[in-house]
Each structure stands twice: as structure tokens, then as C-alpha cells.
Amino acid sequence: MMGLAMTDVSIGHARVSAAAGVIDSQNNVLAWILASAAMLLALMAPALWNGFPLIFPDTGGYLDRPILGTLGMGRSALYGLFLYTSVAFSFWPNAVLQSALMVWLIVLTMRGHGLGGRPWLALGIVAMLTVCTSLPWFSGQLIPDILFPAAVLALYLLSFRNEWLARWERFILAAVIVFTIPSHMAAAGMCVAVIAALWLLARFKPLELPKPRLWCAAGSVAAGIALCPISNLAITGNFAFTPGGSSFLFGRLIEDGIVARYLGEDCPDASLRLCDYKATLPEDADGWLWDGDSPFRKLGDWKGFRAEERAITRATLERYPLMHASTAIVAAVTQFFTFRTEVGVEDNAPTVNMFAGHFPQLFAQFMRARQQAERFDVAPLNYLHVPVAALAVAGLVLALLFRRRLKIAPEAAALCLVILLALAANAAICGVFSHPVDRYQSRVVLLAPLAMALLIAQRRRANQTVLGPPAI
């Protein structure tokens, strides 16, 4: 009888434990649902407040590509097609997908650092990033800039946390990289530079980093590069990379005075059509590239002026190599430290005109948005965003220098390194081959506060493990 009673008690305890486990599981699922919804809303907040997904002067150029079936200078046809698929829904699915992607990547990165299963911590980190960085202003904006930080996190996870990932997670991370590269050619350079640097640094033993598994990340980058001309062929009928790289570089040479020096020495020259405009050269790259009255436009844009701009670029490289080197270094360093949050409000005429011509059914709604109707200013945000980003970047450097003393986990040190490499590569590519612009670095620097938040969370968890539960 006693044995039967003990059996009944054991069965009762098992049933209670099972019921408690089911309740805990249900509560955890509910917590994740609530936290995920809150994180998504947080990243969508600027767009929702605006009343329409945020736009940029470049947005219209991307949308023109699938509509006109032509290549455009620095405007990806693939990303334009991505936007065009949601015209019927006022582009909200694009903003939601971009925001949801960043939420998923942040949660996945947390899991890779031993911080998984903590929905409220994830919400806290996303809330911090929403307030303290440019993240929500990019995730809700109709340009491919948000894909830069997404690609960096995907590269890190595939390289250093590969064994923690499910097969479907690896597939999506690879797809993020593959889609990012043809969406913006600068991303190709950044990703290639990060992969190459990791391959070299893996042989530098003093770093004591986990050995990266680069085959999957490198394969994804290669597939993304291959997709560039293939996607352009499918959408525009042109098997070519997105054009304009040499034109952006020429714009910086205009801004840095290299072209003016060359024309001053060689003009008049019947072979140089630009000599006719020597006295009216714009002072900056934007004026050269985008002003409707610019000599660049009058000489045929990237198609008509391409041969001459390349010839001048080659000639100046041969004649002024030190000037080229010094201005390139200054541009790269300047870009590294130029990362204020900015949103286009004054110069959106190209996109406004594009909406008026191609999407009249959306135009009234589009023009009612605060961005067009009120032309709000986000500059005050930089009183917070700039110091937070600067301190976080400094924190990344210190974390790598003093990782042993601070007992920083190897995977956390690897994340800090990948972000710093991405920041350096992005600054060099954008600063040298275009010109320093806040937006170019702001879209990547937002990862630095994320890494610092993960370091702090890991340290707190380690301290709690050492101290144990509080005494009763």
C-alpha cells in the first residue's frame, strides 16, 4: 500500500511539474510575442509618426529603375524592384520587412552571445538603439542603407557563430548578404574588405579570437557580386554592374581641387570638353553630380562623359600621386568620424516629382506626411546620437585592447572586431570613392552601441553567476 501511495505521489509531482513546464513555455511564448511586437513598433516609430515610410532624394531613383527598365547612376534596379512590389500598400511592407529583419538579427546575435531566451532584455536593447542611434530612421526609410548593418551582423554570425545556427538561419543570413550587395555597390566593397581582413587577422595569434569559418560568408559575398549584373539583366535588360562608380570618384576629385589643378595646367585642349567649363566648376561633389546645370549634366552624364572622366582620373593619378594619396587619406579619416543622423527634407524634389508622375494615387497621402508637409529637423537628435556613437566606438577599441583584463568572451571580442573593420572599410570606400557624408557612416556606426550593450549584459550575467542567487 505504501508503495502504491509513493507511486501516486510521484505521478502527482510529475503531473504538477509537467503542468508548470507547459505554463512556463506558454508564458515565454507570450513574452516573446509581446516583446517582438514592441521591438517592431519601436523601429517603425519614426515612419509611423511621419505618416508614410521615410524617403530620401535617392528613393525616386531606385523606383525609376524597374519602371523605366534602365540603369541609373548608383541606383540599384534590384532594390528598386523590392520597393516597387509594395506600391499597392504605400510601401509599408518594405519598412516592416526592413525593421523585422533588424529585430531578428539583433535577437539572433544575442543568442550567439549566450543571451538568448530573454525577450525583455532584447526589448530593452532595441529600445536603447531606437532612442540613442539612427537605427529606426534607417529601418523605416525607403533606401538600402539599413542593409549595411544587416550585412555586417550576417557576416559576423556566419563567420563566428556558425555552429550555433540552424540550417534555415544560415540560409537567411546568406540571403541577406546576397541581396545587400546588388542593392548598393558600396556594400560589396565593405563585405569583401571585412572578409579579407578576417582571413588575414585569423593568422595573427596574439588576437586570440575564435577561428572564423569564412567559407559560407565568403560564398555569400561572391554570390551577391554575381547577382549584380544578373539582376540588372533581368530587370533592365543590361548585363552590367550598377554604373556610376567612376563618376562618384570624379566628384570627389572635383571637390578636392585635383581636377581644377589639372585643367589649369592643360587647358585649352581641344580633346578636353571640360575645359569649356573650367571657370564654372562646382565646389563640391554633390553640385557636380546632382545639380541640373552642372557641367556633368551638360556633357552627357555618366554615359556621355564616362570616357573623358576616366582619362582625366588616370592622368591626374600619374601626375599628382601624392595629392591623390593625401586627399584620399583625409577623406577616409574624415568619413570615419562623420556620422550624424540625417533625414532628407529639403532636397527631396527628385522623389517628389517621381511620385507625382508615376504614383498619382499615392501622391496626396505622400505629401501629407510630416517629412513633406512640415519638413521636420532631426538635427537635435545628434546631441545624443553623436556622443553615444563616439563613446561606443571608443568602447570597441578598449574592449579589444583590454579584453583579457576585462574578461571579454572571445565571441564578443570578435563582434567588436568585425564592427570596427566594417566601420573602417565603409569609411575608406565611401570617403575615397565618393566623398564624406554623415549618412554613409551613420548607417554602420549604430552597431557599436549594440555591441557595447551586449558586453554589458554579458558582464552582468557573469557577475550574477559568480555571486549566485540572493540569500533569503
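Reply: Start with accessibility: buried means under 20% relative accessible area, exposed over 50%, and partly exposed in between, with a 1.4 Å probe and protein chains only. By that rule D145 is buried, at 1% relative accessibility. This is a predicted model, where local features need pLDDT of at least 70, side-chain atom pairs count only at pLDDT 80 or more, and totals for chains, interfaces and linings use all residues. Residues are numbered from 1 along each chain as its sequence is written, and side-chain values use heavy atoms, with hydrogens and water left out.

Me: What share of the 472 residues is buried?

Reply: Buried residues come to 52%.

Me: Which residue forms a salt bridge with D145?

Reply: A salt bridge is a side-chain nitrogen of Lys or Arg within 4 Å of a carboxyl oxygen of Asp or Glu. D145 pairs with R443, with 3.3 Å between the closest N and O atoms. D145 sits in the loop between helix 6 (135–139) and helix 7 (147–160), and R443 in helix 23 (residues 438–445), so the bridge ties together parts 298 residues apart in sequence. Helices here are DSSP runs (H or I, at least four residues), numbered from the N terminus. R443 is also buried, at 0% relative accessibility.

Me: Where do R261 and E265 lie?

Reply: Both are in helix 12 (residues 258–266), 4 residues apart, about one turn of the helix. R261 is partly exposed at 41%, and E265 is partly exposed at 44%.

How values were computed:
Helices (H or I, at least four residues) and strands (E, at least two) are DSSP runs, numbered from the N terminus.
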